[in-house]
Amino acid sequence: MMNVIRLSIMTIRLVMRTKVALFFTFLFPCIFLFVYGGIFGHGDPNAMAYMFGQVLTLNILGAGFFGLGLQAVMQRERGSLRRYRLAPVGSLTIVASNLLANYLIQIPVVGLLLVCAMGIFHMPFKLSFIPMIFVLLTIGIFAFAGYGLTIASVSNTMQEVQVYNNLAWFALVFLSGITIPLPALPHWIQTVATFLPATYLVTMFQAVMAQSEPVSAHLPELVTLVVSGFAGLFIAWKLFRWEKEERISTANKAWAFALLIPIFLMGLWMNVYANPSASWNKSYSRMIKQMSSVVSAANGTAGTTLEDFEGAAASQDISKTWQVPMEDVRPLAEITIIAPGANGSQHALRVSGRVPMPSQNQLPVQASDNFVIPTTVKTFSGIEFWIRSDDSREYRFTLLDENTKQGTAPEITLRPSSKWASIRIPAPTQAQGNASPPQPSHLKLFIAPLGQAGDFSVDIDEIKTY
Amino acid sequence: MSANNNASPLVSAENLHKRYEDVLALRGISFEMKKGEVFGLLGPNGAGKTTTIEILVGLRQPDEGSVRVCGLDPARESNELKERIGAALQATVLPDKMTVEEALRLFASFYKHRVPTESLLETFGLMEKRHAHFDKLSGGQKQRLALALALVNDPELVLLDEPTVGLDAMLRRDIYALIERFKSEGRTVLLTTHYIEEAERLCDHVAIIDHGRVVAIGTPRELVDRSGRGTRLEVRLAKPVPAEKLKSLDAVIDSRESDGIYVLHAQPATQAIVGLIHFLEAENNALLDLHIAQPSLEDVFVEMTGRKLSE
């Protein structure tokens with residue numbers, strides 16, 4: 001272990017003495033940050049929060065393929081590994097020290113990027129993000145180091161590793177949402193993206209930074225990166241070669257495909273059982289709307305087509321918590337603004353409270369509030385919004401026409417997951433015989449947690465008509 | 001380290017065979033070396049010297065045959081063996097920006113037993129270059145650093161693969177002095193070379209290798225005496241004559257011409273010299289230069305293989 005640490009320290013020292021390495025390690029990621037934040041994101045803080053994950057993933061990919069992987073082949077081609085081979089130093093020590101050095105170098109780079117993003121682009125950032133970013137960084141660096149070293153271990157020459165690295169790099173950079181956001185890509189590319197590990201990393205960064213989702217909501221993706229990273233490092237260790245004269249056989253090259261197995265299984269699972277595009281669309285549309293509100297406000301035009309909750313919900317006061325008027329006999333639930341958007345135009349709402357112990361004559365907890373349909377919306381079928389909850393309980397949603405108190409309100413019951421998902425609540429239908437009923441101008445949304453006694457909390461965001 | 005000439009072999013290689021695809025690099029190399037001696041593997045490029053030394057340090061495994069170094073099997077007890085030996089293979093390469101001192105400290109840190117870095121810098125004349133990056137060192141300095149790295153663990157056995165290749169004569173003599181110092185310290189040294197001077201000057205025992213086989217083995221003196229090629233006469237004449245005519249002179253065993261110099265092997269030498277002078281008088285030719293020397297390992301190599309070492 002001491003040999004690993006000594007070699008890692010030496011590697012870091014050597015990087016610090018090489019101007020080209022310094023440029024690509026520290027300056028290059030900053031250039032990307034300014035391109036993404038300044039040009040693609042128009043300098044918008046929320047856009048920066050969305051794109052920060054793209055910049056980090058790009059950096060992790062570069063370090064894995066062109067830092068670590070290329071360096072490994074270069075050392076072998078130059079013959080500098082030969083001298084280590086004469087000492088009591090094993091191949092595992094060399095692989096592990098390169099991995100550790102790569103990791104230790106990336107930490108200050110991410111710190112630098114964070115400082116630039118917050119200081120220059122005013123990217124919103126919570127302290128609670130730090131452990132989650134740390135987990136994603138660690139797993140991401142580890143996994144892509146495994147992929148980079150695997151490619152290096154199956155390449156015989158510098159030319160060969162550059163071909164393989166560029167193929168992998170371009171596929172990952174352009175098809176996994178690092179350069180072009182996934183929701184902006186055709187559906188078939190989105191399907192391909194579910195089989196790319198960079199997709200998991202970039203979308204997890206976006207979920208954490210732009211939507212405040214916990215990383216635990218993406219456990220399958222995390223496990224896939226860890227397993228495939230381990231597979232990559234194991235293959236790199238087993239196929240490690242000290243000398244450039246040692247050529248790898250075609251049969252051994254096939255081992256590289258082993259690390260694709262967990263990624264392939266993950267892709268299949270995502271396509272069959274999960275709906276990743278919902279989460280991708282949410283964070284992307286949220287970022288676009290926030291950007292457009294900034295742009296339109298600057299142009300002096302109307303800001304948004306979304307309607308806010310009435311009264312206090314329109315407030316920009318982040319700390320304000322209010323109790324919604326409830327039916328007299330029902331326990332109160334609270335609605336809190338948990339993330340006001342740019343210009344206060346959008347809100348993530350948290351509805352929380354406690355379901356009491358069941359007893360006779362005890363009505364269920366229910367929260368409700370009114371909201372106004374903008375006059376610009378002539379027809380609509382109901383309202384839709386994004387929802388997530390860490391509870392494993394069901395919630396029932398109902399809409400009523402607040403003005404007429406008429407109509408049949410279909411009840412929607414669902415169990416939200418910890419990932420954001422879209423839900424639609426149909427508007428109340430009018431009594432039969434009314435041929436052309438007017439669209440309601442005021443709706444009342446009822447939210448009722450179901451199930452056993454205990455605390456509940458559900459987050460709702462971007463309420464709009466459909 | 002004190003001199004200790006133990007009778008048991010420190011290195012023994014028996015019937016080593018090694019093939020690289022369609023090239024048979026070793027075809028049954030066998031030799032033994034004792035503790036405290038300097039042993040040379042002498043042969044032209046491609047003879048199998050480097051493959052042999054790489055098998056001894058455990059970098060390669062023979063296809064056939066057995067090898068023991070310091071009583072250990074290099075293939076199976078590699079880490080124990082590396083603690084006890086030091087090696088400098090051809091063209092040691094380190095990262096460009098690593099300094100001399102860092103390299104010595106780093107490599108020393110891998111071993112249980114270490115020689116102080118200051119002492120190595122002093123011994124190998126690298127004190128002034130201790131902070132210099134590897135890419136700023138001259139060829140001689142790089143080679144001295146390679147030798148110093150081979151000694152960071154105070155090894156029982158030092159293996160040097162062509163330690164002076166690519167160096168000019170002056171730098172080569174510097175390296176010879178360092179190897180002689182190893183010898184005086186009682187270290188056991190195995191070196192490969194294709195320089196006759198190096199083998200004759202430094203080695204207690206020499207194994208001449210050609211085409212993956214040991215063609216002769218012994219002390220340099222024994223090899224020369226065993227050759228039976230007599231005294232070596234190098235002659236320069238005023239007018240050229242066919243080498244065959246010189247070979248027909250009394251007491252001349254062999255004659256060849258190279259770059260206007262005639263090399264004769266004669267026994268006894270005086271009889272050959274008298275015959276040569278009579279021949280030149282009869283041919284109306286003149287003797288411009290005459291060197292008399294004992295036969296060299298080069299002569300032994302030519303006798304054994306029919307080729308010169310440099311061919």
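This is a predicted model: local features need pLDDT of at least 70, side-chain atom pairs count only at pLDDT 80 or more; totals for chains, interfaces and linings use all residues.
Residues are numbered from 1 along each chain as its sequence is written, chains are lettered from A, and ligands are numbered from 1, in the order in which they are written. Local features need pLDDT of at least 70 and side-chain atom pairs count only at pLDDT 80 or more, while totals for chains, interfaces and linings use all residues.

Chain A has 466 residues, and 41% of them are buried. A residue is buried if 20 or more other C-beta atoms lie within 10 Å of its own, exposed if 12 or fewer, and partly exposed in between, with C-beta atoms placed from the backbone. The secondary structure of chain A comprises 13 helices and 10 strands. Helices (H or I, at least four residues) and strands (E, at least two) are DSSP runs, numbered from the N terminus. Two residues are in contact if their C-beta atoms, placed from the backbone, lie within 7 Å. Among contacts in chain A between residues at least 6 apart in sequence, 78% join residues at least 24 apart.

Val35(A) belongs to helix H2 (residues 19–40) of chain A. Val35(A) counts as partly exposed because it has 13 C-beta neighbours inside 10 Å. Its C-alpha atom is separated by 9.6 Å from that of Val55(A), 20 residues apart along the chain.

The contact between the chains takes 16 residues from chain A and 21 residues from chain B. On the side of chain A that touches chain B, helix H1 (2–17) and helix H4 (80–86) of chain A each supply at least two residues. The residues of this side divide into 6 nonpolar, 4 polar and 6 charged. Here Ala, Val, Leu, Ile, Met, Phe, Trp, Tyr, Cys and Pro count as nonpolar, Asp, Glu, Lys and Arg as charged, and the others, Gly among them, as polar.

A nonpolar core is a set of buried Ala, Val, Leu, Ile, Met, Phe, Trp, Tyr and Cys residues joined through C-beta atoms within 7 Å. The largest has 150 residues, of which Phe52(A), Leu136(A), Leu149(B) and Leu159(B) touch the most other members. Helix H3 (residues 45–78) of chain A gives this core its largest share, 16 residues. Beyond its neighbours within four places in sequence, Leu149(B) is in contact with residues including Arg83(A), Ala88(B) and Phe107(B). A second, separate core of 23 residues includes Val365(A) and Tyr395(A).

In chain B, 3 strands form an open antiparallel sheet in the order E2-E1-E4. Strands pair if DSSP finds at least two bridges between them. Strand E2 (23–34) and strand E4 (64–69) of chain B are the edge strands, each pairing on one side only. The twist averages 15° from one strand to the next. Strand E1 (residues 9–20) of chain B pairs with E4(B) over 5 bridges. His17(B) stands opposite Glu64(B) in E4(B).

Strand E3 (residues 38–42) of chain B is largely enclosed by the rest of the structure, because 5 of its 5 residues are buried. In a regular strand, side chains alternate between the two faces of the sheet. Val38(B), Gly40(B) and Leu42(B) lie on one side of E3(B), Phe39(B) and Leu41(B) on the other, and all are buried. E3(B) runs parallel to strand E7 (residues 188–193) of chain B, joined by 5 bridges. Phe39(B) stands opposite Leu190(B) in E7(B). E3(B) also runs parallel to strand E8 (residues 205–210) of chain B, through 4 bridges. There, Leu42(B) has Ile208(B) as its bridge partner.

Technical notes. Axes are lines fitted to C-alpha atoms, for helices over the stretch in contact, and angles run from 0 to 180 degrees between N-to-C directions.
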